[in-house]
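Work through the exercises below with the sequence and the model open. Each task is followed by a solution in steps.

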Amino acid sequence: MTPEVKLSSPDRVLFPDDGITKGDLFAYYEAVAPAILPHLRDRPFTMKRYREGIRGQAFFQKQAPKGMPSWIQTRRFETHPREGGSRLVDFPLVNSTEALLWMVQMHCIDMNAWYSRFDKPGRPDYVVFDLDPPDDPGGFALAIEVAHLIRGLLDELELPGYVKTSGADGIHVLAPIQRRAGFDDTYAFAEAASRLLEQRHPGLVTTEWLKKKRSGVLVDHRQNGWGKTIASVYSVRPKPGAPVSTPLRWEELTPDVRPRDFTMAVALERVERHGDLFAPVLDDPRPLAATAKKLARLAP
């Protein structure tokens with residue numbers, strides 16, 4: 001018997017400036033499920049809940065909540081909270097349309113899952129380059145320029161990279177790898193690549209964490225770590241207009257692109273027209289070890 005997810009309060013407005021409701025979000029995720037589910041499947045999932053909409057206080061919930069349907073699978077992993085110590089957490093797995101819709105019912109707006117799958121939790125599927133532009137009117141255009149620099153470096157290394165808007169203020173570039181490397185390897189690779197670009201393009205690319213010391217676009221290699229999450233491709237983001245983290249062809253990433261261009265309707269139309277542009281992230285992994293050696297030879 002197919003489980004049913006009953007949506008409560010479908011008219012609750014989650015995006016006050018736009019009138020976008022919980023029901024609208026539910027309908028979007030039901031429609032985009034065939035595209036987003038492959039990117040969530042078998043990955044420990046962290047719930048980020050917005051009970052009061054995007055103007056309210058969100059909270060993260062890793063532990064599967066009491067009352068979660070039994071047909072949503074979980075997997076248990078040890079975590080290390082910031083306050084110290086460790087604890088065992090039962091993470092939900094979003095492996096079906098119904099599980100995805102249940103997360104919407106629980107007021108999840110964006111969908112956040114691990115880079116690795118539960119069968120090999122220490123083996124990520126990709127290296128992540130998270131681009132954080134400066135807070136000024138031309139910041140996103142600079143991030144677009146830096147994204148193309150990352151692509152150029154990955155091309156030098158013969159490691160394909162795939163780009164998506166974060167849906168918020170940045171850009172994500174993912175390089176799919178075979179599940180042989182660990183998170184220490186992906187962290188080291190992303191750090192070395194980011195620092196090389198910083199040396200090649202001072203003032204445009206930075207690895208400086210502190211904003212007050214930063215000049216240019218931060219390429220944040222620190223996002224490559226065990227248990228880290230980013231908003232999945234096709235996630236709606238809790239920003240005015242409900243923009244979607246949308247995959248692009250590289251030739252589409254032009255200086256006039258803006259994250260707010262990619263609404264739920266636009267994302268669905270693009271999936272209908274192009275299919276899943278992020279499918280190669282799952283389908284075409286490359287070995288990282290040989291690529292890391294090539295990168296080491298490029299370092300000054």
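The model is predicted: local features need pLDDT of at least 70, side-chain atom pairs count only at pLDDT 80 or more, and totals for chains, interfaces and linings use all residues. Residues are numbered from 1 along each chain as its sequence is written, and side-chain values use heavy atoms, with hydrogens and water left out.

**Exercise 1.** Describe the geometry and setting of the aromatic pair F91 and W114.

Solution. 
- Step 1. Rings of Phe, Tyr and Trp (its six-membered ring) pair if their centres lie within 6.5 Å; planes under 30 degrees apart are stacked, over 60 edge-to-face, and the rest tilted. The structure holds 7 such pairs.
- Step 2. For F91 and W114 the centres are 5.1 Å apart and the planes 65° apart, an edge-to-face arrangement.
- Step 3. Helices (H or I, at least four residues) and strands (E, at least two) are DSSP runs, numbered from the N terminus. F91 belongs to strand β6 (residues 87-92) and W114 to strand β7 (residues 112-114), so the pair ties together parts 23 residues apart in sequence.
- Step 4. Buried means under 20% relative accessible area, exposed over 50%, and partly exposed in between (1.4 Å probe, protein chains only). F91 is buried at 1%, and W114 is buried at 2%.
- Step 5. One aromatic cluster is formed by F77, F91, W114 and W226.

**Exercise 2.** Which residues of the largest nonpolar core touch the most other members?

Solution. 
- Step 1. A nonpolar core is a set of buried Ala, Val, Leu, Ile, Met, Phe, Trp, Tyr and Cys residues joined through side-chain atoms within 4.5 Å.
- Step 2. The largest core has 49 residues, of which Y28, Y29, L100, M111 and V236 touch the most other members.
- Step 3. Elements giving two or more residues to this core include β1 (13-15), α1 (22-40) and α5 (264-274). The largest share, 10 residues, comes from α1.
- Step 4. A second, separate core of 35 residues includes F129, A143, I177 and A181.
- Step 5. Which lining residues are closest to the centre of the largest pocket?

Solution. 
- Step 1. On a 1 Å grid over the protein atoms alone, a pocket is an open set of points where a 1.4 Å probe fits, with protein on both sides within 12 Å along at least five of seven lines; lining residues have an atom within 4 Å of a point.
- Step 2. Of the 50 lining residues, F60, R82, Q223, K228 and T229 are closest to the centre.
- Step 3. Elements that each supply at least two lining residues include β4 (59-61), α3 (139-156) and β13 (229-231).

**Exercise 3.** Where does E158 lie, and is E158 buried or exposed?

Solution. 
- Step 1. E158 sits in the loop between α3 and β9 (162-165).
- Step 2. E158 is exposed, at 56% relative accessible area.
- Step 3. Phi of E158 is near 55°, a positive value in a residue other than glycine.
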